[in-house]
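These are my notebook entries on one protein chain. I record what I looked up, entry by entry.

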Amino acid sequence: MTGQDAQFPLSPAAGAMDALTDVAGLRVGHAQVPGDGALSGTTVVLAPEGGAVAAVDVRGGGPGTRETDALDPRNLVQRIDAVVLTGGSAYGLDSASGVMAWLEEQRRGVRVGPDPSQVVPVVPAACIFDLGRGGDWRARPDASTGRAAVEAAAGTAPGAPVAEGGVGAGTGAVAGQLKGGVGTASVRLPSGITVGVLVVVNAAGSVVDPVTGVLYGEYGAAEPPVHPAAGVHETAVRRLAEAREANALPTLNTTLAVVATDADLTRAQAQKLAGTAHDGLARAVRPVHLLTDGDTVFALATGERPLPQENPIALNELLAAGADTLTRAVVKAVRAAEGVDLRPGAGVHPSYSDLYGPR
């Protein structure tokens with residue numbers, strides 16, 4: 001048995017839903033911007049009552065965020081109640097206001113006065129660039145979109161499945177020239193701890209190996225990738241080149257993720273989890289963390305399961321799982337996406353399944 005085998009003796013299995021909601025207490029809600037010309041939306045991850053320990057790691061050169069400084073382990077706030085992932089670039093960060101208003105009504109947030117209603121919800125948020133992809137530059141999420149998303153999350157049952165593909169913050173997402181979107185995955189570790197991920201794939205880099213047509217994130221997976229036939233790949237390459245020429249709008253970017261666990265982590269440990277999860281993103285998107293990306297990973301820990309105190313490096317199991325599960329969530333997002341016309345006369349971003357067929 002090698003040192004690695006001794007540290008991770010069993011192969012982990014996916015959670016019941018293979019979704020972020022396999023982390024008990026977490027709920028996910030999506031909302032889309034309504035109307036013609038709209039191709040954007042918001043996704044909210046709602047923590048259980050009492051909140052969750054949170055952290056963040058920003059690697060992209062062009063981030064759009066809100067309240068991320070509050071998650072620094074050196075600062076005051078200990079737990080947060082919701083994370084917002086949104087389209088609309090910096091304009092879309094206004095969706096967090098709707099989530100704050102809903103949380104205030106529930107008396108959830110940082111207590112700042114003698115009355116239980118006197119709270120300030122801390123709602124970290126991050127955005128992707130999808131402006132104008134539906135045709136209307138001003139069709140972007142606002143406070144009402146955020147409120148709709150958090151109400152959708154609150155209305156789900158514990159452990160509910162999570163919609164993937166072109167929903168919520170992934171409505172207008174693209175990955176290179178392919179349609180991107182929302183993906184989610186989870187794993188239950190031999191220790192009994194669960195790690196779940198939700199990702200919004202909107203990348204400047206490619207998710208597809210240009211030589212083989214295989215999704216980068218499928219290399220090294222438990223199931224070996226199926227290489228597309230040469231003729232299928234040649235046709236796909238040609239169609240992607242045509243899409244690149246036809247799409248007038250720039251494919252500005254940012255991939256966002258939430259990696260969560262039911263383990264009892266400190267804020268410093270949660271920040272380490274957010275940081276190493278970026279490794280999983282780098283396996284699935286190439287290149288990554290460019291100046292036009294705002295790649296951001298949030299970490300949440302609900303604290304239901306203690307880490308073994310007798311093992312000083314027990315966190316390693318979670319760090320490895322976070323990266324692996326994020327890679328798999330990117331693959332699921334790309335495979336769940338459906339191609340869309342971006343706007344009249346501006347071509348289309350086909351989906352991976354449009355080009356290569358279902359797995």
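Before the entries, I note a definition: a crossing is left-handed if the near helix is turned anticlockwise from the far one by less than a right angle, and right-handed if clockwise. I work from a predicted model, in which local features need pLDDT of at least 70, side-chain atom pairs count only at pLDDT 80 or more, and totals for chains, interfaces and linings use all residues. Residues are numbered from 1 along each chain as its sequence is written, and side-chain values use heavy atoms, with hydrogens and water left out.

**Entry 1: helix 3 and helix 4**

I looked up helix 3 (residues 95–105) and helix 4 (residues 143–154), whose axes come within 6 Å and cross at roughly 50°. Helices (H or I, at least four residues) and strands (E, at least two) are DSSP runs, numbered from the N terminus. Axes are lines fitted to C-alpha atoms, for helices over the stretch in contact, and angles run from 0 to 180 degrees between N-to-C directions. Helix 3 and helix 4 are therefore oblique to each other; angles under 35 degrees count as roughly parallel, over 145 as roughly antiparallel, 65 to 115 as roughly perpendicular and the rest as oblique. I noted their crossing as right-handed. Contact (heavy atoms within 4.5 Å) involves residues including Trp-102 of helix 3 and Val-150 of helix 4.

**Entry 2: helix 6 and helix 7**

I then turned to helix 6 (residues 267–284) and helix 7, whose axes come within 7 Å and cross at roughly 40°. This pair is also right-handed in its crossing. Among the residues in contact are Leu-273 and Ala-277 of helix 6, with Leu-318 and Leu-326 of helix 7.

**Entry 3: the nonpolar cores**

Which residues touch the most other members of the largest nonpolar core? I found Val-207, Leu-318, Leu-326 and Val-330, in a core of 47 residues. A nonpolar core is a set of buried Ala, Val, Leu, Ile, Met, Phe, Trp, Tyr and Cys residues joined through side-chain atoms within 4.5 Å. Buried means under 20% relative accessible area, exposed over 50%, partly exposed in between (1.4 Å probe, protein chains only). Helix 7 (residues 315–336) supplies the largest share of this core, 10 residues. Leaving aside residues up to four places away in sequence, I list among the contacts of Val-207 Leu-178, Tyr-216 and Val-330. I also recorded a second, separate core of 31 residues, which includes Ile-80 and Ala-169.

**Entry 4: backbone angles**

Most residues other than glycine have a negative phi, and most peptide bonds are trans. I looked for departures from this. Asp-18 has a phi near 50°, a positive value in a residue other than glycine. Asp-18 sits in the loop between helix 1 (3–7) and strand 1 (27–32). Is Asp-18 buried or exposed? Asp-18 counts as buried because its relative accessibility is 16%. Ser-89 likewise has a positive phi, near 50°, and belongs to helix 2 (residues 89–92). Arg-286 and Pro-287 are joined by a cis peptide bond, with omega about -10°. I placed Pro-287 in the loop between helix 6 and strand 15 (296–305).

I looked up Gly-132, in the loop between strand 9 (125–127) and helix 4. Its C-alpha atom is 8.8 Å from that of Gly-88, 44 residues apart along the chain. For Thr-266 and Gln-78, 188 residues apart in sequence, I noted a C-alpha to C-alpha separation of 9.4 Å. Thr-266 counts as partly exposed, at 43% relative accessibility.
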